[in-house]
Amino acid sequence: MDQMIDGGDAGRFPLETWFWEMPICTRWWTTATVLMSGLVQCELITPFQLFYSYRAVFVKSQYWRLLTTFLYFGPFSLDLLFHVYFLQRYSRLLEESAGRSPAHFSWLLLYAMVFLLILSPLVSMPFLGHPLSSTLVYIWSRRNPDTRLSFLGLLVFSAPYLPWVLMAFSLTLHGTVPKDELMGVVIGHIWYFFTDVYPPLHGGSRPLDPPMWWRRIFEGRPREETTDGINNEIAVAGAPEVAPPEVR
């Protein structure tokens, strides 16, 4: 039986193996991103149906835009390939470092998405996938200060400089200040500060950790709580019955 299972794994294509080895949040975010570009490329939908607009969402009740604005990076092109690479690479690294449960990483995504939706009307940015990806890149770069990176095989630098190198590259390429990258840096820094810098200075308090109700969605009841409940039930079942006093 083990040989049959091993043989099935060995028969997988490299792309299939790469896909299933990705953590669950990264896997489906990457899949949805490629699928959304494919639907637009096939003209089944248009980008005008995907971008975020306060009026479209909250006046016309087009609530799907709250999600699709983070999934569309443009039509099939080298630019899309570049974005998908950064998305899956740094999303995967962060999700794997968060542990086996997707609760913490999904809470990070929810936090970043809410803040980006709030800031979007202020900077006139209808598509928010790139700022969300930039948020993850910034957090990963700050958590890995000793990692050395190479950009285009020409520039070698430490990981914390990665967001700024990408901003400089975007500025050189497009000639405009990359507002999406700046939004990612700001939102990413707030998360990094309150999860990595703030706790050691304030007795371990972690204000941006997911609440218990969110963790229960992914993890079920905590092990300690379940164990205590079982022990209490055993103790009650094993306790001797006390006879009522005899009335004379």
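## Report on a predicted chain

Of the chain's contacts (heavy atoms within 4.5 Å) between residues at least 6 apart in sequence, 59% join residues at least 24 apart. The model is predicted, so local features need pLDDT of at least 70 and side-chain atom pairs count only at pLDDT 80 or more, while totals for chains, interfaces and linings use all residues. Residues are numbered from 1 along each chain as its sequence is written, and side-chain values use heavy atoms, with hydrogens and water left out.

Twelve helices and two strands make up the count for the chain; these are DSSP runs, helices being H or I of at least four residues and strands E of at least two, numbered from the N terminus. Their order along the sequence is α-α-α-α-α-α-α-α-β-β-α-α-α-α.

Of the 248 residues, 38% count as buried. Buried means under 20% relative accessible area, exposed over 50%, and partly exposed in between, with a 1.4 Å probe and protein chains only.

| Residue | Class | Relative accessible area |
|---|---|---|
| Cys 25 | buried | 18% |
| Cys 42 | exposed | 57% |
| Phe 169 | partly exposed | 30% |

The count of disulfides (pairs of cysteine sulfur atoms within 2.5 Å) is zero. Phe 169 lies in helix α9, residues 162-174.

An unreviewed UniProt entry places the feature "transmembrane region" at residues 63-87, 108-129 and 149-173; such annotations may be inferred rather than shown by experiment. Residues 108-129 are 77% helix and 0% strand, with end C-alpha atoms 14 Å apart. Residues 149-173 are 48% helix and 28% strand, and their end C-alpha atoms are 20 Å apart.
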